[in-house]
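Welcome! Take a moment to look over the sequence and the 3D view, and then we will walk through a few features together.

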Amino acid sequence: MKFFISLLAIAILSFIVGLYAPWWSIALVAFIISLCISQTPGSSFLSGFTGVFLLWLILALFINAANGGILANRIGGMLGIGQSPVLLAFITAVVGGLVAGFAALTASYLRKKIK
Amino acid sequence: MRLLPFCFSLLITILLIFVLNRPIGTKVPMPLGSFLSPQTGFWQNAEDTAFNYSLDILQADLKGNAKVYFDERLVPHVFAENDEDLYFIQGYLHAKFRLFQMDLQTKAAEGRASEIAGPVAINYDKEQRRLGMKFAAENTLHVVEQDAPTLARYSSYTKGVNAYINSLAEGTLPLEYKILNFKPEQWTNLRTMLLLKMMAKMLSSGTEHDLENTSLRAILTSEQFNLLYPQVPDSLHPIVPKGTTFPKPMHDYQLPENVDSAYFLNQRAVAARSQYPEDKDNGSNNWVVAGSKTASGVPILCNDPHLELSLPSIWYEMQLTTPESNVYGATLPGSPFVIIGFNDSIAWGVTNSQRDVKDYYIIKFKDNTKQEYWFNNAWKPAQQRIEEIRVKGQASVFDTVAYTIFGPVIYDGAYADTVTHQEALAVQWMAHHTGDDGGAFYKLNRAGNYNDYVSAIKDFECPGQNFVFASKSGDIAIWQQGKFPDRWQGQGQYIMPGQDSSYLWQGYIPQSENPHALNPERGFLESANQRPADGTYPYFIPGTYITPRANAIEHFLSNMSSISIQNMMELQNNNYNILASQMLPIFLSNTNEAALTPEARTYLNTIKRWDFDAGPNAVGQTIYQFWLDSLQRNIWSDELVKAATKVPVPEEQRLMELLKIDSTALGFVDNKNTPQVETLRDQVTASLNGAAAMLAQTEKEGKLEWALFKQPAIYHLLKNNLPSFARTNLSVGGAGSVINAIKKAMVQVGE
């Protein structure tokens with residue numbers, strides 16, 4: 001249960017903060033949430049990773065669907081991953097997920113240490 | 001003990017953010033974190049295909065009410081109550097759709113490309129600065145600032161651009177800024193002037209051949225030179241119809257005393273040249289037919305500007321309306337007004353005049369400090385501009401540009417590398433000192449008849465343009481308008497001595513004597529970058545004229561009647577290769593079929609059936625091109641290779657004209673490197689054999705059809721840096737000497 005609350009909190013807060021703050025605010029959000037909600041390091045990482053992974057994946061796929069893949073195809077070509085918007089959305093999500101995941105993991109270790 | 005994993009995890013997090021927050025080398029110039037983030041990065045630029053481009057301009061920025069309506073092709077129709085609002089909104093819309101283009105073009109014009117592109121652009125920037133681009137823009141701005149209403153129009157436009165720039169947040173930045181990782185800079189009136197100077201450079205810098213001619217004169221006699229590179233082509237159909245009489249000129253120039261010894265007979269090879277030459281085929285077509293030739297009984301005007309096709313286009317289509325004016329057409333992002341278009345009463349279009357308005361002078365500096373130069377028997381101080389070129393990713397580069405009475409010193413020991421034993425060369429260019437050339441378009445946008453049109457364009461100075469005109473009341477007209485030096489015969493054809501005032505431009509051709517025509521008997525007028533008038537025009541007007549397209553247009557228009565708009569649209573895309581239709585009979589009558597290889601014979605049989613249509617599927621056009629290229633190499637390279645530097649071979653048009661009257665082409669047909677004397681028959685036959693071997697290879701690659709061979713492509717402004725944004729392998733016909741002037745894609749070089 002804690003895992004899902006944490007995941008949802010990270011996803012929703014990341015979205016809201018991301019409207020105003022730079023991209024790396026996802027790390028701050030994941031860090032703070034993970035600090036507040038006690039979990040094992042493993043689930044902390046996973047909740048951070050999955051929260052932002054899903055957020056960025058869904059956002060990217062939504063945008064891409066409305067755009068008909070026009071831009072993602074070209075950016076894919078530019079980045080050398082070919083014309084695959086879904087793959088590009090996946091890579092996008094993994095990058096965001098990793099940053100948030102490690103931030104959450106860091107917080108969970110810190111929490112253990114403070115205790 | 002959790003300290004170690006904590007530190008480790010913290011380190012990874014920080015490292016990840018660190019790496020993702022900055023560019024990784026030149027391959028990944030953007031910080032990947034913000035670039036990929038769907039909330040700030042490129043995903044934000046992926047607009048909904050059903051996006052509603054409604055405008056959100058703050059009412060506080062406008063004086064009155066204004067409306068913008070986007071039609072189904074996304075062309076904005078602007079309705080404002082006054083000029084200030086009109087040009088504010090034009091600036092705002094240009095920025096909204098073309099900000100990166102405007103920013104890039106004006107930075108490049110100013111010689112600041114290195115700030116975006118890094119060290120690869122340093123030499124490009126040096127050349128822009130040494131050509132005096134900013135100097136020219138500043139001079140024009142100075143004139144603009146003297147007239148309050150004029151200044152107000154440009155300032156409104158500038159405010160509009162900046163209103164859009166100031167509305168941008170990280171996520172809404174245009175895509176290219178995210179890719180290249182920089183921010184747009186505030187717009188200024190100077191930047192509008194820079195944009196107009198960029199057009200002046202594209203169209204009137206490179207239309208001179210002083211440097212190449214100087215090298216050519218070192219290996220050719222003046223008779224040979226004048227026959228190979230003639231001022232008036234034999235097959236010319238001038239813009240102003242033949243038979244037009246010109247008033248007797250009132251020249252008030254004096255030939256320099258030493259003109260033969262110091263100029264005409266004193267030319268040697270010159271190594272200096274532009275490293276970034278403009279495309280000499282930057283031409284265009286325009287024409288107008290009178291009501292007597294149209295089905296509807298009213299004139300039809302056409303214009304097809306052939307500037308480089310790019311994504312986005314150099315043009316932006318708009319309608320601009322106030323209670324006093326209502327104009328529609330092509331605008332130039334970076335500048336207010338409609339440049340090519342029509343209003344309620346008239347229509348107009350432009351093509352480039354191709355006139356030479358740029359001359360070079362040899363400067364003798366006292367010493368390497370470039371502070372003084374020898375002029376009129378004394379050492380005269382040169383003004384110096386210290387140019388700081390800021391470079392992305394490294395320290396600034398400095399360059400000193402000396403300004404003489406002629407203009408800036410463009411080439412000297414410090415630039416370009418090819419200059420070894422030459423003195424410094426100063427450049428005098430018409431674009432350095434002009435008035436408000438943009439004002440001509442403001443007035444054209446509001447012109448109601450022929451007289452308004454003439455008075456609108458009469459102060460337009462550079463780059464010289466062929467303004468074609470039609471009015472609802474039935475007038476058709478054309479003026480070649482610009483400010484042109486009144487040259488003595490031969491002035492500025494080669495590099496000139498720069499040690500006294502005798503070689504300076506001594507005056508200008510009176511504006512009223514610029515070539516023009518109104519309502520000719522034949523019922524049409526056209527221009528396609530050819531020489532404006534025949535040899536009876538009483539001025540020396542060198543230039544880089546292009547003859548064949550105009551000949552094709554004349555050929556068709558003179559035979560057409562009851563013309564519909566559909567007919568005109570088809571003519572714009574016409575693929576008839578008129579020059580090949582004149583050249584190929586010469587080839588065929590000089591082919592020794594017995595000496596052909598089997599594959600050459602096959603291609604010969606194919607081209608014999610060709611109808612001279614350079615359409616996308618034409619095989620004949622490809623064979624012709626290979627055969628022609630091969631023959632041109634065989635005829636010219638043995639002689640022209642003697643020039644110490646690269647020189648232009650005579651035009652295809654000139655070769656055809658020469659071969660019609662002299663099958664030895666002044667003896668150039670013979671290959672000087674062999675003991676025997678080759679005839680035209682030998683050369684034409686050998687060229688086809690040579691071409692056939694290459695054609696066979698091309699055919700094996702499946703590229704014999706013209707469009708497959710020439711591979712027309714339209715690139716993004718960043719060219720090869722963004723190949724996935726290009727549209728390649730377009731199935732379109734045409735060629736440089738064809739009305740539909742889409743030629744073979746050149747190798748694209750990233751800037």
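Among contacts in chain B between residues at least 6 apart in sequence, what percentage join residues at least 24 apart? The share is 71%. Please keep in mind that this is a predicted model.

**The whole chain**

- Chain B contains 22 helices and 22 strands.
- A compact globule with 751 residues would have a radius of gyration near 27 Å, and the 28 Å of chain B agrees with that.
- Of the 751 residues in chain B, 48% count as buried.

**Domains**

- Chain B is divided into domain 1 (3-73 + 81-203), domain 2 (226-258 + 277-356 + 444-487 + 513-572) and domain 3 (578-725).
- Between the C-alpha centres of domain 1 and domain 3 of chain B there are 45 Å.

**A strand covered on both faces**

- Strand β17 of chain B runs through residues 465-471, and seven of its seven residues are buried.
- On one side of β17(B) you will find B:Gln465, B:Phe467, B:Phe469 and B:Ser471, all buried.
- Strand β9 (residues 346-352) of chain B runs antiparallel to β17(B), and seven bridges join the two.
- One place to look is B:Asn352, whose bridge partner in β17(B) is B:Gln465.
- β17(B) is also joined to strand β18 (residues 476-481) of chain B, by six bridges and again in antiparallel fashion.
- Here B:Phe469 has B:Ala477 in β18(B) as its bridge partner.
- β17(B) and β18(B) form a hairpin with four residues between them.
- In the turn of that hairpin, B:Gly474 has a positive phi of about 110 degrees.

**An open sheet of four strands**

- In chain B, four strands make an open sheet in the order β15-β16-β10-β19, with mixed pairing.
- Its edge strands are β15 (409-411) and β19 (496-497) of chain B, each of which pairs on one side only.
- β15(B) and β16 (residues 424-429) of chain B run antiparallel and are joined by two bridges.
- Within this pair, B:Tyr411 stands opposite B:Leu425 of β16(B).

- Is B:Tyr624 buried or exposed? B:Tyr624 is buried, because 25 other C-beta atoms lie within 10 Å and 20 or more are enough to count.
- B:Tyr624 sits in helix α19 (residues 620-640) of chain B.
- Not counting residues up to four places away in sequence, B:Tyr624 touches B:Ala580, B:Leu584 and B:Ile607.
- B:Tyr624 and B:Ala691 are 67 residues apart along the chain, with 9.2 Å separating their C-alpha atoms.
- B:Leu708 belongs to helix α22 (residues 706-710) of chain B.
- B:Leu708 counts as partly exposed because it has 17 C-beta neighbours inside 10 Å.
- Leaving aside neighbours within four places in sequence, B:Leu708 is in contact with B:Gly702 and B:Lys703.
- From B:Leu708 to B:Gly733 is 25 residues in sequence and 9.8 Å in space, C-alpha to C-alpha.

Note on methods: Residues numbered from 1 in each chain as written. Chains lettered and ligands numbered in written order. Predicted model: local features only at pLDDT ≥ 70, side-chain atom pairs only at ≥ 80, totals over all residues. Pairing = 2+ DSSP bridges. Rg over C-alpha atoms; globule rule 2.2 N^0.38 Å. Buried ≥ 20, exposed ≤ 12 C-beta atoms within 10 Å, placed from the backbone. Contact = placed C-beta atoms within 7 Å. Domains from an automatic or database assignment.
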